[in-house]
Amino acid sequence: MAESACDFDLWVISVLGKDRPGIIRDLLEAPAKMKVNIVDLDQKILQGHLVMSMVADFAKARAAPAELEAALQRRAADLGVEVSFLPIDQYRWSRRRGKSLQVVTILARDREGIIYDVATIAAEMGIHIEKALVTARGELISIEFVMDFGSGDGEVRREELKRGCEKLGLDVVVQEMDKSRKEKRLIVFDMDSTIVDFETINQMAQFAGVDREVEEITKRAMNGELDFVEALRSRVRLLEGTPLEALEEIAKNIQLTQGSEELISHLKEVGYKTALISGGFTYFTDILKERLGFDYTFANVLEIKDGVLTGEIEGEIIDGAAKGRIVNDLARLEGISPDSIVAVGDGANDCLMIQNAGLGVAFNAKDILKKVSDGSLSKENLIGLLNVLGLADKGGELL
């Protein structure tokens, strides 16, 4: 026999109307007096209009759903809102705890059809979109989706979703809901081709006249074709005899990646610690620490004698393994979990750094790094990290 509306304890109450001070209090007055338990609530202001939905539990209420609906409808005209009631299937509600909720952040230059494109990919994969929030930041648009991946292989779905979005030219970061809500405290960055818009060793090679040789080794190392330590030592040996003045000249003309200065400044304003973990050289990380205010910097030390490079490196080399260890070391030093760390890099030697952090973002990266990251940002969208972290100015619209 079919269930009637009165058989349901859980109801969705939706409200739409013009916003004004005190309207939430006025709407919740009747449920409170009737001892109706509000077990879920979502409320947004959309262009001056209130959009609110709440789940009301009538199991122990002093009134039936019809009585509360009548009371709210009487108030609706005075409040300037429209109210609707819908019952919730108890079985489906109980299944909410079995969901696989993911926070999917999409970033792109604004254009028509972006939300439709992502919704199409999700629908074809059987992924359910539960919520979407749009935030505009200049020409950049960010859409934060809450998606239910269901009971299938979550990792496979993550990768398929990422690939589908990337094919459309969209930057995408996918985080498990629980992990995304954990407070992030420290952001670590690679330096070359991440904070700095070039490979510093390639710039040094131009002064030494060995740029072709060094660029070829750099390219192979970034793609994971060469051992990083071997590649670094080979390149530095080619720089033997380079005068210190060459490094000074590069430092004077150091070019930051678009958005990096604004990003670091904003992160520090809201209380984040920041670090550079670079396979490059301390000569440049020290300058960036002073210029941008990094709390920590780690890099390789070039041996310099009589004002020229000897072609050797002093002490331990900062390779991929060292970068991964440093993430864990910083977590202990700051007294935080690695889950509270975000790592951003671009090359193969950033893989462990990305994997050891709670959130790993591949920036303008090679495929080898994208495979182990939570998502990727393209070269013009580094500032979009603020959206991924929920730090962008909120003028969002609920869809």
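**Exercise 1.** Decide whether Glu-29 is buried, partly exposed or exposed, then find the partner of its side chain.

Solution. Step 1: buried means under 20% relative accessible area, exposed over 50%, and partly exposed in between (1.4 Å probe, protein chains only). Step 2: Glu-29 has 34% relative accessibility, so Glu-29 counts as partly exposed. Step 3: its side chain meets that of Arg-75 in a salt bridge (3.6 Å, N to O); the term requires a side-chain nitrogen of Lys or Arg within 4 Å of a carboxyl oxygen of Asp or Glu. Step 4: Arg-75 belongs to helix α2 (residues 65–79) and Glu-29 to helix α1 (residues 23–33), 46 residues apart. Helices (H or I, at least four residues) and strands (E, at least two) are DSSP runs, numbered from the N terminus.

The model is predicted: local features need pLDDT of at least 70, side-chain atom pairs count only at pLDDT 80 or more, and totals for chains, interfaces and linings use all residues. Residues are numbered from 1 along each chain as its sequence is written, and side-chain values use heavy atoms, leaving out hydrogens and water.

**Exercise 2.** Locate Asp-42 and Lys-131, which form a salt bridge.

Solution. Step 1: the N to O distance is 2.9 Å. Step 2: Asp-42 sits in strand β2 (residues 37–46) and Lys-131 in strand β6 (residues 128–137), so the bridge ties together parts 89 residues apart in sequence.

**Exercise 3.** Is Arg-158 buried or exposed?

Solution. Arg-158 is buried, because its relative accessibility is 8%. Its salt-bridge partner is Glu-155 (3.8 Å, N to O).
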